[in-house]
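Colleague: Before we discuss this structure, could you take me through the terms and set each value against its cut-off?
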Amino acid sequence: MNLIQIFLRTEVQTALCSAFEQGKILENIGICTQVSFVRYMQGRRTLGKDPKLFIKDLWFEKVPVRIYQPKAPSASQRRGVVFFHGGGWIFGSLETHEELCRFLARESESVVVSVGYRLAPEHKYPAAYEDCLNTTLHFLQHLQHYGVDPARVTVCGDSAGGNLAAAVSQTLAGSSDLPRLRAQILIYPGLQALDFNLPSYQQNRGVPLLFRERAAFYMLQYLNGNAAKLEEVLEGSHIPVDVKLKYRKWVSPDNIPEEFKVRGYKPRVLLDCTTEVYETVKRFCEPNLCPLLAEDTVIQQLPESFILTCEYDVLRDDGLLYKKRLEDNGVPVTWYHLQDGFHGIINSFNSDWFSFPAGKRGLENIVNFLRSL
């Protein structure tokens with residue numbers, strides 16, 4: 001175990017898990033649910049006015065959004081960024097990603113729309129996806145109200161938000177009656193649920209901020225509103241072998257470069273599953289939930305892409321696999337890999353109690369990509 005992993009296991013894990021532990025205690029004594037408490041703790045911090053931004057809360061198609069517009073006059077129409085926050089589809093809000101969205105708006109001189117989509121387990125798939133799609137459609141139809149250039153609109157998201165950004169981008173790829181998306185920015189996205197034993201899942205299974213078991217747990221909560229069949233999902237006995245073989249050309253350790261297997265990887269035997277188990281998770285094969293499974297005809301129409309991955313992240317290989325799919329289908333990809341990064345690092349770029357240079361470095365690369373559009 002290297003120094004990064006040791007530090008994460010102590011400082012970061014202790015601080016982050018505190019809210020979860022306190023929430024579990026409150027749930028056990030009947031005061032509130034663990035989820036409610038963690039959401040409350042995440043949303044406590046509020047920022048004051050920003051001297052460089054107009055910030056306004058609105059509703060797009062019954063979905064709360066927060067719009068960040070640079071105050072400085074612009075000689076031309078600005079870029080537009082539709083941002084979907086992370087949090088495993090269960091946590092996260094307009095507040096948790098407030099500072100990040102302010103930074104993106106200020107530094108890239110873009111109009112940023114942050115989307116407060118519905119959360120699981122109260123609202124199961126496809127609620128979050130539908131909210132993100134509908135708000136994006138609304139924005140694309142009203143760009144003139146915000147001074148946004150129709151040729152420079154990007155969707156962006158981190159973690160679960162990266163999943164949603166990829167799904168929205170795929171849905172809009174073939175649209176001819178709306179402005180075409182200029183780009184998609186996927187920050188350590190989770191893009192598939194067929195294989196939780198890829199190299200990165202094995203190597204980083206116990207590395208904060210996202211454990212392997214938690215990643216599967218969140219996906220099941222989003223899909224079904226519960227985590228039933230978690231063990232089957234983790235061991236890989238939730239998808240029939242014939243279905244796995246169908247998608248093996250896209251979801252396979254064979255498509256991961258060898259340099260990402262040097263920290264230890266053991267190939268797994270394909271396990272079959274029962275009809276009863278598959279019935280509960282078969283929607284994992286829908287691209288709106290798992291964008292890595294979209295057909296080539298869809299992938300080929302996607303806009304220029306930026307993908308950020310972190311070495312110490314169970315979702316690293318989802319990003320690597322999607323990068324390969326995009327490149328194989330002729331889509332321009334800018335890939336930035338944080339060799340010293342971990343899941344969630346971007347949102348800690350300016351934290352009061354722990355901050356990492358890699359997070360700031362990754363964010364600066366995202367801003368540079370936006371400014372190039």
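Modeller: Helices (H or I, at least four residues) and strands (E, at least two) are DSSP runs, numbered from the N terminus. By that definition Asp296 is placed in helix α11 (residues 296-299), and the protein chain as a whole has 13 helices and 8 strands. This is a predicted model, in which local features need pLDDT of at least 70 and side-chain atom pairs count only at pLDDT 80 or more, while totals for chains, interfaces and linings use all residues. Residues are numbered from 1 along each chain as its sequence is written, and side-chain values use heavy atoms, with hydrogens and water left out.

Colleague: What is the mean pLDDT of the protein chain?

Modeller: With pLDDT being the predictor's confidence in each residue, from 0 to 100, the mean for the protein chain is 91, and 86% of its residues reach 70 or more. Over residues 5-14, however, the pLDDT is below 50, although this stretch has 21 contacts in the model beyond near neighbours in sequence; contact means heavy atoms within 4.5 Å.

Colleague: What makes the pairing of Asp296 with Asn329 a polar contact?

Modeller: A polar contact is a pair of N or O atoms within 3.5 Å; within protein, one must be able to donate a hydrogen and the other to accept it, and residues adjacent in sequence count only if both atoms are side-chain atoms. The side chains of Asp296 and Asn329 make such a contact at 3.4 Å. Leaving aside neighbours within four places in sequence, Asp296 is also in contact with Trp250 and Arg325, while Asn329 is in contact with Ile299 and Gln300 as well as Asp296.

Colleague: Why are Ser159 and Asp313 called buried?

Modeller: Ser159 has a relative accessible area of 11% and is therefore buried, and Asp313, at 1%, is buried as well. Ser159 is found in the loop between β5 (148-158) and α5 (160-172), and Asp313 in the loop between β7 (304-312) and α12. Not counting residues up to four places away in sequence, Ser159 touches residues including Tyr188, Leu315 and His343, and Asp313 touches Tyr188, Ser200, Asn204 and His343.

Colleague: How do you know that Cys273 is in no disulfide?

Modeller: A disulfide is a pair of cysteine sulfur atoms within 2.5 Å, and the structure holds 0 of them. For Cys273, the nearest cysteine sulfur is that of Cys285, 9.7 Å away. Cys273 has a relative accessible area of 17% and is therefore buried.

How values were computed
Buried < 20%, exposed > 50% of the residue type's maximum accessible area, 1.4 Å probe, protein only.
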